[in-house]
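Student: Could you walk me through this one? I'd like to start with a strand and then move on to the spaces inside.

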Amino acid sequence: MKTSEKICGMGHSMKRKEDPRFIRGKGNYVDDIVLPGMLYMDIVRSPHAHARIKKIDTSKALKIPGVLAVIDGPTLEKYKLHWMPTISGDTQMVLPIDEVMYVAQEVCAVIATERYIAADGADAVDVEYEPLPVMVDPLKSIAPGAPVLRKDKKDKKDNLAFHWEAGDRAATERALAACDVVAEQFVYVPRIHVASMETCGCVADFNSAEGKLTVYMTTQAPHAVRTVFALVAGHVGLSEERIRIVSPDIGGGFGGKVPVYPGYVIAVAASVVIGKPIKWIEDRMENLQADSFARDYHMKVRLGAKKDGTMTALSIKTIADHGYTNASANPMKYPAGLFSICTGAYDLKNAFCEVDAVYTHKPPGGVAYRCSFRVTEAVHAIERAVDVLAQKLKMDPVELRMKNFIGPERFPYKSVLGWEYDSGNYPAALKKAMDIIGYAALRKEQLEKRARGELMGIGVCSFVEIVGAGPSKDFDILGLKMFDSAEIRVHPTGKALARFGTKSQGQGHETTYAQIIAEELGIPASDVQVEEGDTDTAPYGLGTYASRSTPTSGAAAAMASRKIRAKAKTIAAHLLECSEADLDWEPGKFFIKGVPDKAKTIQECAFAAYTNMPQGLEHGMEATHYYDPPNLTFPFGSYICVVDIDRGTGEVKVRRFVAVDDCGNIINPMIVQGQIHGGLAQGVGPALYEEIGYDEDGNVFGGSFLDYYVPTSLECPKWETDHTVTPSPHHPFGAKGVGESATVGAPPAIANAVVDALSHLGVTHIDIPITPEKVWQLLRKAGAAE
Ligand code: CDP
């Protein structure tokens with residue numbers, strides 16, 4: 001570490017600066033905001049997956065004392081606000097005029113003086129529907145001749161939202177045909193939900209006297225939302241300088257707070273029409289049933305190899321269920337996200353992947369839930385396929401991985417699907433995980449247990465992430481380039497205020513950004529106040545998702561600090577009456593080379609910037625930097641998981657889980673460990689418990705916490721974490737993102753462990769979530785159930 005405990009730069013496990021307010025209940029979340037005269041909104045939602053709205057009768061609702069208005073599609077149509085663009089450039093109803101397209105779709109909204117009166121009002125609205133045929137199966141929806149769902153789209157003849165592909169199809173087919181062995185597997189990664197602790201909501205406050213709209217809202221991307229609002233509502237006078245989006249404390253976003261949901265738009269419209277602040281906060285069931293979902297990828301994976309285990313070709317054909325509209329939050333050039341990272345950690349010479357995105361009568365899907373745009377699906381596909389191949393080849397899955405890893409000497413490595421991996425050392429991470437868990441001894445234990453009829457499995461996942469979107473030449477959302485920003489002001493007394501275009505949702509930015517500035521300027525991290533989320537004050541940025549904060553705004557923090565340091569150097573030379581060339585730097589002070597006592601601290605330089613500036617130099621000490629990363633960063637890791645399976649119930653118990661991660665240089669080891677712990681828990685969920693399913697009428701299973709089973713600490717083992725450090729060569733301080741690694745890497749490790757436990761019974765694959773029921777059925781089929 002270059003800095004002292006007092007300065008607390010990179011590498012220090014500084015306690016989180018934001019936690020004192022959180023653990024004392026002093027956080028400021030959207031629902032904590034109360035404005036004078038504020039009204040409340042509740043939403044009437046569709047009980048049908050597809051139906052014609054024959055009549056909306058609001059008379060009973062409007063008779064309830066305190067119910068002031070009901071806003072429906074025709075109300076919004078008057079202002080041309082009944083449709084909106086999705087962030088993928090598709091279109092979505094804000095409120096319907098004639099048809100609903102999924103269960104829980106917004107039908108109309110009730111405005112009242114109290115929250116519970118609004119709810120009573122919503123219950124009293126009588127909507128008459130005429131049910132219409134429902135299409136829930138994406139495989140049927142994409143079949144030729146299927147009824148067209150998006151009749152609003154002129155000339156649309158099918159239910160394909162988009163087709164996307166990468167790689168050389170013909171060369172890959174030739175390579176697969178020439179393989180000695182091909183592992184072929186259908187892999188379904190089901191719909192899941194981010195289920196963050198705080199649901200979505202907003203307080204929309206239109207001040208008619210000033211013509212200014214302030215929206216306090218749960219958004220991970222406040223600036224982008226402001227621009228989209230201005231583009232969509234400019235015609236009703238809401239131009240961008242009159243819109244202020246404030247994203248206060250957020251109780252978990254995980255990608256689910258990137259999209260703009262109809263509720264936000266209805267609340268804004270209601271505030272403009274009624275002239276009072278409107279609060280809308282979803283309840284848990286609305287959140288689970290109507291907000292964007294993640295995953296829902298049906299993948300056919302083929303991985304081919306030579307007899308000796310050398311992998312030569314990979315092909316993945318995917319049907320993606322996007323629900324009623326393509327509302328996924330992917331960069332425009334990559335409608336299927338960064339799925340083409342699917343060759344993973346392996347040196348594959350031939351690969352091809354394709355995605356057909358399909359409309360169905362389900363809520364819009366495709367959110368990048370704690371995942372850098374479809375990487376979770378890609379990693380699940382390749383890591384499961386590697387194990388299926390190992391089983392076919394009768395090779396140890398570790399041996400097969402080690403044989404095919406991209407060697408550490410090969411970086412920067414150009415993958416066959418076009419990515420340039422910045423740095424990596426995959427064998428080292430796997431070796432470390434094996435040493436920690438005692439891999440050889442576990443395999444021995446497994447054999448002994450198997451002989452006694454006990455079921456124990458060991459699962460490995462060696463994943464590569466791709467985060468930090470992104471180079472602006474390739475990455476944009478609705479045309480907004482995906483750079484990010486930092487603005488630092490050093491006050492005369494040497495304390496600082498730093499503002500960013502990103503927005504923490506619990507990741508600890510107030511601490512880690514301060515530590516970056518501490519590292520670069522030597523100002524103690526405790527003296528740096530970090531602010532995000534207010535578009536009236538923060539510099540423009542694209543927000544926080546896809547582990548992009550450290551690679552983008554973190555980098556911008558370092559670059560802006562360096563600009564300030566350069567100015568401080570000029571001031572120090574002036575104060576020390578020497579030339580800048582005579583000065584050396586150590587964190588916190590400039591000193592004359594060889595004479596450490598002849599020094600000026602950064603605080604003295606800051607004071608002089610306002611009190612004693614060299615003639616001709618601009619006063620003040622501040623800098624802004626908009627950072628456009630030259631490439632993405634490629635964090636990686638190797639996870640090994642041990643499971644025991646109960647032959648009587650099929651229940652899977654994760655006994656041990658070793659996670660070795662590499663996110664380059666680490667800013668705060670304690671925060672990184674916390675990110676991994678949380679991510680691993682969010683990996684156990686989809687692996688074993690979580691799924692949002694639908695019956696053939698489009699009714700949702702998993703629409704409440706009674707049947708959407710989110711794991712608690714009781715379902716999680718004591719995580720064993722460690723790391724290797726392979727700095728990113730292009731990032732200003734060698735860091736890579738880390739927020740999502742564990743969510744990406746954990747599910748295949750667990751799935752591989754369960755299949756490994758059952759492999760001697762002929763089991764080669766189980767789709768997640770691996771519920772006791774699924775396991776028990778397999779055991780019963782194999783005659784191994786107790
Ligand atoms: O964009 P998001 O904040 O979700 O993800 P991230 O950039 O991976 O950062 C998650 C948290 O881990 C932040 O507080 C980072 O500053 C911290 N981190 C770190 O301390 N060292 C790294 N190399 C990467 C992230």
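Predicted model: local features only at pLDDT ≥ 70, side-chain atom pairs only at ≥ 80, totals over all residues.

Student: OK, why is strand 16 largely enclosed by the rest of the structure?
Tutor: Ten of the eleven residues of strand 16, which covers residues 311-321, are buried, so the strand is largely enclosed. Buried means under 20% relative accessible area, with exposed over 50% and partly exposed in between, for a 1.4 Å probe and protein chains only. Strands (E, at least two residues) and helices (H or I, at least four) are DSSP runs, numbered from the N terminus.

Student: And in which sense does strand 15 pair with strand 16?
Tutor: Strand 15, residues 293-305, pairs with strand 16 in the antiparallel sense over nine bridges; two strands pair if DSSP finds at least two bridges between them. Met 299 has Thr 318 of strand 16 as its bridge partner. Five residues lie between the strands of this hairpin, where Gly 309 takes a positive phi near 100°.

Student: What about strand 17, how many bridges join it to strand 16?
Tutor: Nine bridges join them, and strand 17 (residues 350-358) runs parallel to strand 16. Thr 318 turns up here too, standing opposite Val 355 in strand 17.

Student: Switching topic, how many cavities of 30 Å³ or more are there?
Tutor: A search of the whole structure finds four. On a 1 Å grid over the protein atoms alone, a cavity is a set of points where a 1.4 Å probe fits but cannot get out, and lining residues have an atom within 4 Å of a point. The largest cavity holds about 280 Å³, and among the 28 residues that line it, Met 84, Val 228, Phe 229, Val 260 and Val 265 are the closest to its centre.

Student: Which element gives the most to that lining?
Tutor: Helix 7 does, with five residues.

Student: And what lines the second largest cavity?
Tutor: That cavity has a volume of about 100 Å³, and its lining includes Ile 87, Val 228, Val 260 and Tyr 545. Helix 7 again gives the most, here with three residues.

Notes:
Residues numbered from 1 in each chain as written. Heavy atoms only, no water. 1 Å grid on protein atoms, 1.4 Å probe; cavity = no way out; pocket = protein on both sides within 12 Å on 5 of 7 lines; lining within 4 Å. Points joined across faces, edges and corners; volume = space filled by probe spheres on them.
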